[in-house]
There are 2 protein chains.
Amino acid sequence: MASHTTSHNPDELTAGHCGLRIGIDIGGTKIEAVLVAPDGTIVATDRIPARRGNDQVVEDVVSIARSVAGEHFESVLSVGIGIPGQVDCATGRIAHVVNLDIDTLELGALAGKQLGLPVHVENDVNAAAVGAAHVLAGTDMSGTIVFLNFGTGLAAGIVDNGTLLHGYSGAIGEIGHVPVDPNQFECPCGQRGCLETVCSGASVGRLWPKANPPMPGLITAAHLGDMEAQRVLAMVTHAIVDTVQMVAQAYDPKLIIFGGGMAKTGQPLIDVTLEELARREAHCPFLKGLHLADRLRLAPAAEPLGALGAAWAAASI
Amino acid sequence: MASHTTSHNPDELTAGHCGLRIGIDIGGTKIEAVLVAPDGTIVATDRIPARRGNDQVVEDVVSIARSVAGEHFESVLSVGIGIPGQVDCATGRIAHVVNLDIDTLELGALAGKQLGLPVHVENDVNAAAVGAAHVLAGTDMSGTIVFLNFGTGLAAGIVDNGTLLHGYSGAIGEIGHVPVDPNQFECPCGQRGCLETVCSGASVGRLWPKANPPMPGLITAAHLGDMEAQRVLAMVTHAIVDTVQMVAQAYDPKLIIFGGGMAKTGQPLIDVTLEELARREAHCPFLKGLHLADRLRLAPAAEPLGALGAAWAAASI
C-alpha cells in the first residue's frame, strides 16, 4: 500500500457536493491527485510515490483516485490523467513511458473499468497547459494560450478557447525539434540545431553543469560577471526568444506561459527573456508592435497544474 | 468606366438562384471577382485593372460587384473582399495598402453602404488561404490547414475546421519574420535572418536575378549543373523546409498548401522541397514519422483563390 499524503480543505467538504472531478498527474517519481469542485476550487489533494510497471501504474491510479475523493467518491463525474509519453487521448492508450517501464498500456480503459468512471488520458504537457491556462486566465478562456514546457525537452501545449488542441497526428506543439538554432548542436532525434538542444532543462544542465538546477545558477553567475556564464546565458536566452517569436508569430496567442522545471527559476527567467526581447525590439518596429512582453506569464509553481489540468481536460470532453 | 472581362457560366445561370455570394480579390494591378453559388460553384467571373486611391478603390469594388452579379444582384447575400495591407476584419477598415496609395480607408462600410449588402474584408493571404482550403479539402473542412504564401514576403493563413483564424493581435501566421535563417541576411523589418529573407518570391529574385520569375529558372540552372545555382537553391530549399517544419510542428495541420507567386513554379517546387525533406528524414525517425510529404499540396494556379476565399470568408461570418 502506497504512503498517501492527503490534504482536505474542510471549508469545501460540505454535504451535497455534486459534479466533482478527479485529476491525476503521473510523473517519473510521484503521482499527484486533486479533487476539483465545479467552480474550479481544489477540494482535496493527495500524493504518492510513483511505481514502475503496467500493473503498478493502474493500481496506483485507482488507489489515489479513491483516496483523494474519500467519502465524496460517489459524487465524482470523471477522472483525468496526465502522463508523459505518447498518449492516444481518444482511446486512453499510452505508449513509450520510459521512466515508468511502460511499453504500451490501455490506461484509460483499465482504470475506468476498476473505478466505474469515465477516464480521460492526456499527455502531461497538454494537461499542464490546461491547468496553467485555467489558473492564469481565470474565467476568460477566450483566445489562444500557448504553454511552453521547458522541461527535459521543449514542447508546447495549445489551449484554444478553453479547448486543448491535438492536431492531425498528435504532434502539435513539438517545436523543440524545429532545427533553427545557429549553434547546430547534435540532437538525439537525429537532426542538428533543434531548439531543445539549447533551451530545455536538460540542455542548460549540459551547457552549465556547475549548478543544479542549472538555470538559476547560470543567471546568478552571469550577473556576477562570469564571462563563460554570460556566453552560455546569451545562447540560452537567444534560443528562448527564438521560441517565443516562433509561437507568437505562428499562433498570435493571448498569453505565452513559461512552464516546466526550468520555469521554477521564477522571475529571473522572465527578466533575462525580456532583456533579449527588448534588444531585438529596439531594431524592429514590427516585433515591438506585437507587445510580447505583455503576453508572457510564468506558470504558478505552487499549483498542481498537471493534476488540475487533467481534471479540466476530462471535464471538457 | 473600367474595362470589364466578364465570363458567365450559362449552365449555372438558371432562374431561381438564391444565396449567391460575391468574392473580390484586390491586387496591385488587377481586381478579380467571382459570383459563387451556395454549393461553391463559380457562376460568373469578372476582372478589371486596379486603380490607385481611396475613391477609386471603393468605386471599382462597387462596379465589379454589380457587374459580376449582373441580373442576379438581388439574390446576393454578401460581398467578401481580400486586399493586401493591414485589415481589421471586424470593422472592414484597411490601412497601409502601399501599392494602391491607401493610408486608411473604411472599405467595408463605404462599399457596404453603396451596395446595400454586408461586406466583409480580409487580408489577401487569409482570403487565398480560405479559397485554397475549400478547393483542395472539398467538403471535409475538418482539422487545420496551413496556407504558406510565398509571395513578395512570406506569411501563413490558418484555416481551422473551416474557420479562418485571426489571432489576438491580427499577427497570426507572420512567420516570415521569425529570425532563424543561418545566412543572417538583413531584413527590412530590422531583424537579421528572417525566414522571408531567403524563401519568398522577392528574396529568390534577389538571390537569383538571372531569371524572371526566378524560381523556375533557378531550379533549371541547378539541374543543369550550375554550381552557383545549386548553392542558392540549397539555401532556398533549406529555408522552405525550415518553414514547413515550423508550421508542421507548431500546428500539426492536415494539409500544408504552397501558395503565392512562387508556387506558380508548380511541381518542381514541391520536388525540390521533398528532396530536402527526405534528406532530413533520413537522419530523424521523428520527422519521418510525421509523414509531411503526404500533407504538402500546391495551390491550384488556375483558380481565382483570393476571390473565392473572400466569398467563403464572408459567408462564414
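A polar contact is a pair of N or O atoms within 3.5 Å; inside protein, one of the two must be able to donate a hydrogen and the other to accept it. Keep that idea handy, as it comes back when we look at how the two chains touch. One caution before we start: what you see above is a predicted model.

**Two domains in a chain**

Let's begin with chain A by itself. Its domain assignment gives domain 1, running over 7-117, and domain 2, running over 129-298. Taken over C-alpha atoms, the centres of domain 1 and domain 2 of chain A are 29 Å apart.

**Where the chains meet**

Now bring in the partner. On the chain A side, 34 residues are in contact with 34 residues of chain B. Together the chains bury about 2,700 Å², and carbon and sulfur atoms give 59% of that area. Three residues stand out here: A:Tyr168, A:Gln249 and A:Asp252 supply 21% of the area that chain A buries against chain B, more than any other three residues.

What about the polar side of things? Across the interface of chain A and chain B, the rule finds 24 residue pairs in polar contact, with both residues at pLDDT 80 or more.

Which helices give two or more residues to the side of chain A that touches chain B? They are helix H6 (227-251) and helix H8 (285-288) of chain A. H6(A) provides the largest share, six residues. Sorted by kind, the residues on this side of chain A are 17 nonpolar, eleven polar and six charged.

**How the copies are related**

Rotate chain A by 180 degrees, with 0.0 Å of shift along the axis, and it superposes on chain B with an RMSD of 0.0 Å. The two copies are thus related as by a two-fold rotation axis. Of the residues of chain A, A:Val180 comes closest to that axis, with its C-alpha at 2.7 Å. And since 100% of the interface residues of chain A are also interface residues in chain B, the copies meet through the same surface.

Most residues other than glycine have a negative phi, and most peptide bonds are trans.

| Peptide bond | Form | Omega |
|---|---|---|
| A:Asn212 to A:Pro213 | cis | near 0 degrees |
| B:Asn212 to B:Pro213 | cis | near 0 degrees |

A:Pro213 sits in the loop between helix H4 (201-207) and helix H5 (214-223) of chain A. In chain B, B:Pro213 is in the loop between helix H4 (201-207) and helix H5 (214-223).

A:Gln184 is not a glycine, yet its phi is positive, near 60 degrees. You'll find A:Gln184 in the loop between strand E12 (163-164) and H4 of chain A.

Notes: Residues numbered from 1 in each chain as written. Chains lettered and ligands numbered in written order. Predicted model: local features only at pLDDT ≥ 70, side-chain atom pairs only at ≥ 80, totals over all residues. Heavy atoms only, no water. Domains from an automatic or database assignment. Contact = heavy atoms within 4.5 Å. Buried area = accessible area lost by both parts, 1.4 Å probe. Polar contact = N/O pair within 3.5 Å; in protein donor to acceptor, adjacent residues only side chain to side chain. Helix = DSSP H or I, 4+ residues; strand = E, 2+ residues; numbered from the N terminus. Nonpolar A, V, L, I, M, F, W, Y, C, P; charged D, E, K, R; others polar. Least-squares fit on C-alpha atoms with pLDDT ≥ 70 in both.
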